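Biologist: I'm new to this one. Can you show me the structure and walk me through it?
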Amino acid sequence: MHCYTSGVHPLFCRVMRTPYVSFQKRCSVTANLPLTSLRIAVLLGSTRTDGPPRPSPLGSRVGAFVTSCLEARGHSVDVVDAIVQDLPLLKKPHFAYAKGKAPANLEGLYKRLSNADAYVAVTPEYNHAPSPALLNLVNHFGSSTFSFKPSAIVSYSAGQWGGTRAAHALRPVLSELGCLPVSAMVHVPRAQTVLDSNGTPIGGDDAVSHWQGYAARTWYQLEWWGSAAAQQRATVDPFSGSPAMVRSPEQRDAPRSEPS
């Protein structure tokens, strides 16, 4: 058994006579464990192409960092970039079309999102809120697209707070979609000074080790829940006991009392 700095004091390790593993080394320890390879959709929420602040865009740097971390841990990553998808402001969601009748780009995106075992939502912070482009993207699809799978939140900003307010505002959205967010999150303050244009932490091997170690807790939680959910979905159809809404919200209304 190993003790980690996340919630465990080194003195406890001495009392229990277990080896103490520093937080900086945690990423490498975790990476050596046998993990299920997951299909993870990384949702990039920024559509800004210019600043200030500069350099712009920052979202691509954060997305590249997330992708490299997940691929290094053996996962298949599908990057869904809001600026590439270029979805219009929501007028008619995917579930409003008859089966197979949605526009080709919307149908293709639906298949990509449905195929994922887990999601990582990457958002900047605009006026203390998540990216409108990210919300517009996920709102084009019903909760049955995302349900019974976990998600993780990565936020960033050019300032000191790292998008934390946007991240917390995003949690109920993902919960309502059915892809419950894990408790750990990744926040990147001053992203323009933390990551280079390729998503590599600036500052050499020490910086790379620090940021990978910091993010590892979030990835591990996502892997744990993603593996468990995938195994359970292979055994039991989750929609057999919690069917998707097919007509109107009234399907889920509480029973109405009959007038006496």
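Modeller: Here is a short tour, from the overall build to the aromatic rings. Keep in mind that the model is predicted.

Biologist: How many helices and strands are there in the protein?

Modeller: Nine helices and seven strands.

Biologist: And what share of the residues is buried?

Modeller: Of the 260 residues, 42% are buried.

Biologist: What about the accessible surface?

Modeller: It comes to about 14,300 Å². Carbon and sulfur atoms account for 55% of that.

Biologist: On to the rings. How many aromatic pairs are there?

Modeller: The count is five. One of them is Tyr 110 with Phe 141.

Biologist: Why is that pair called stacked?

Modeller: The planes of the two rings are at 20 degrees, so the pair is stacked; the cut-off is under 30 degrees. The centres are 6.5 Å apart.

Biologist: Where do Tyr 110 and Phe 141 lie?

Modeller: Tyr 110 is in helix H5, residues 104–115. Phe 141 is in the loop between helix H6 and strand E6. The two parts tied together are 31 residues apart in sequence, so the pair bridges that stretch.

Biologist: Is Phe 141 buried or exposed?

Modeller: Buried, at 3% relative accessibility. Tyr 110 is partly exposed, at 27%.

Biologist: Which pair is edge-to-face?

Modeller: Phe 148 and Phe 239 make one, with planes at 90 degrees and centres 5.3 Å apart. Phe 148 sits in the loop between H6 and E6, and Phe 239 in the segment after helix H9. They are 91 residues apart.

Biologist: New topic. What lies over the face of Tyr 97?

Modeller: Lys 92, at 4.2 Å from the ring centre.

Methods
Residues are numbered from 1 along each chain as its sequence is written. This is a predicted model: local features need pLDDT of at least 70, side-chain atom pairs count only at pLDDT 80 or more; totals for chains, interfaces and linings use all residues. Side-chain values use heavy atoms; hydrogens and water are left out. Helices (H or I, at least four residues) and strands (E, at least two) are DSSP runs, numbered from the N terminus. Buried means under 20% relative accessible area, exposed over 50%, partly exposed in between (1.4 Å probe, protein chains only). Accessible areas come from the Shrake-Rupley method with a 1.4 Å probe; for residues, only the protein chains shown count as cover. Rings of Phe, Tyr and Trp (its six-membered ring) pair if their centres lie within 6.5 Å; planes under 30 degrees apart count as stacked, over 60 as edge-to-face and the rest as tilted. A charge sits over a ring if NZ of Lys or CZ of Arg is within 6 Å of the ring centre and within 35 degrees of the ring normal.
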